[in-house]
Amino acid sequence: MTEKKIVRPYGDTTGDGMVQVSFTLPVPHDKRAEGAAVQLANKMGIDPAMLVHAKQMGDGFTFFLVYGRVNHLVDLDKVQVVERDFPLLSAKEVNTVVKQRMRRKLSVVGACIGTDAHTVGIDAILNVKGIAGEKGLEYYRELKVTNLGAQVSVPELVEAARREKADAVLVSQVVTQRDAHLHNTREMSAAFREAMPAGRRPLLIVGGPRFDESMTGELGVDRIFGRGTTPGEVASYLVHALITEKKARA
C-alpha cells in the first residue's frame, strides 16, 4: 500500500508553509494601497503577510509582491491531472509509423486564430528550428506542415484544413483577456462540426499557457496541450490518435 502524502508549501525550511504571491490593485501607490494589499493577502489565508515589493504601474495601478505563511495542506492523492496516455516517439519512429501505416504524408495545419498575433507558441511546435534544441514538425519528413501564422479567422482555418486535407489542426492561443482563448476555441470547434461530418473532421488540438487540459470535452476539441509542450509530444500524440488508437478501434 502506498503511504498517503500530505504536503505544505516550502519557503525557508521544509513544511513552513511560506508562499509568495503577486497581484495588481487599481489604486495609486501610497500607504493605504500597501495596507490594502496586506489585507487582501490576509483574506487569501496568508497570515502573517509581509509586503516585500510595491511599484506603481501607470496611472492608478500598483503591483505588489507579498510573502507570508499559509496553513493549507495539499493531499496528493486528491490531485487530478491529465496524464500523458501515449508513448513518446523519436522523429525516426514517427516517420516510420506514418510511412508504413498511412502510406502518405500526415497533413498538419497550424495557426493562431482570432486577434492573437503571438506566433511564438505555434512556431515552436511547427517550425523546423523548434524549441530548446528539439526540432519542430517541419523536420519530420513524413509530415506535411502548413503554418498559417497569426490572426487567422476561423473560416480561413476551416478552408485551409479542407484545402490541405488536414489530418490535424493545431491552434495556439496566448491572448487570454476576457477568456478570449476559450471563446475562440469554442467557435473553432463549432465551425468544424458544422463544416465537416464526424468521420472526415481533422483532429482539433489547442495549446497555450492558460488552458486547463481537462476541458477538452467542454471546448469541443480532441486534445489540449499546456505550457512546456514539445514538438515531440505533439508528433507522438498525432501518431497515437490517428494511427495507433484508430487501429485498435478497427
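Me: Which residues touch the most other members in the largest nonpolar core?

Reply: The model is a predicted one. Its largest nonpolar core has 26 residues. The members that touch the most others are Val98, Leu106, Leu137, Leu170, Leu203, Ile205 and Leu238.

Me: Which element gives the most to this core?

Reply: Elements giving two or more residues to the core are α2 (91-101), β6 (106-111), α3 (120-126), β8, β9 and α7 (231-249). With eight residues, the element that gives the most is α7.

Me: Which residues does Leu203 touch, leaving out those up to four places away in sequence?

Reply: Leu203 belongs to strand β9 (residues 203-207). Beyond four places in sequence, the residues touched by Leu203 are Asp167, Ala168, Val169, Asp222, Tyr237, Leu238, Ala241 and Leu242.

Me: How many residues are in the other core, which includes Leu204?

Reply: Another core lies apart from the largest one. Among its members are Ala166, Leu204, Phe211 and Leu219. The number of residues in this core is 24.

Me: Which strands stand at the edges of the five-stranded sheet, and why is one side of each left without a neighbour?

Reply: The sheet is open, with parallel pairing and the order β7-β6-β8-β9-β10. The end strands each have a single partner strand, so one side of each has no neighbour in the sheet. Neighbouring strands are turned by 20° against each other on average, direction ignored. The edge strands are β7 (143-147) and β10 (223-225).

Me: Which residue of β10 is the bridge partner of Ile205?

Reply: Strands β9 and β10 run parallel and are joined by three bridges. In β10, the bridge partner of Ile205 is Arg223.

Me: At about what angle does α5 run to β9?

Reply: Helix α5 spans residues 180-195. This helix lies across β8 (168-172) and β9. Its angle to β9 is about 170°.

Me: Is His181 buried or exposed?

Reply: His181 is in helix α5. Setting aside neighbours within four places in sequence, His181 is in contact with Gln173, Val175, Thr176, Arg210 and Phe211. Because its relative accessibility is 3%, His181 counts as buried.

Me: Is Glu218 buried or exposed?

Reply: Glu218 is found in helix α6 (residues 216-219). The C-alpha atoms of Glu218 and Gly228, ten residues apart along the chain, are separated by 22 Å. Since its relative accessibility is 52%, Glu218 counts as exposed.

Me: Why are the buried residues of α4 placed on the same side of the helix, and what arc do they cover?

Reply: The buried residues in helix α4 (residues 154-163) are Val154, Leu157, Val158, Ala160 and Ala161. They pack against β6, β8 and α5. They are placed on the same side of α4 because the arc they cover around the axis is only 165°.

Me: Which strands are at the edges of the three-stranded sheet?

Reply: This open sheet has the order β2-β4-β3 and antiparallel pairing. Its edge strands each pair on one side only, and they are β2 (18-25) and β3 (49-56).

Me: Which residue of β4 is the bridge partner of Ala49?

Reply: Strand β3 runs antiparallel to β4 (residues 62-69), and seven bridges join them. In β4, the bridge partner of Ala49 is Gly68.

Me: At about what angle does helix α1 run to β3?

Reply: Helix α1 (residues 31-43) lies across β2, β3 and β4. Its angle to β3 is about 135°.

How values were computed: Residues are numbered from 1 along each chain as its sequence is written. This is a predicted model: local features need pLDDT of at least 70, side-chain atom pairs count only at pLDDT 80 or more; totals for chains, interfaces and linings use all residues. Side-chain values use heavy atoms; hydrogens and water are left out. Helices (H or I, at least four residues) and strands (E, at least two) are DSSP runs, numbered from the N terminus. Buried means under 20% relative accessible area, exposed over 50%, partly exposed in between (1.4 Å probe, protein chains only). Contact means heavy atoms within 4.5 Å. Two strands pair if DSSP finds at least two bridges between them. Axes are lines fitted to C-alpha atoms, for helices over the stretch in contact, and angles run from 0 to 180 degrees between N-to-C directions. A nonpolar core is a set of buried Ala, Val, Leu, Ile, Met, Phe, Trp, Tyr and Cys residues joined through side-chain atoms within 4.5 Å. The arc is that of the directions from the helix axis to the C-beta atoms.
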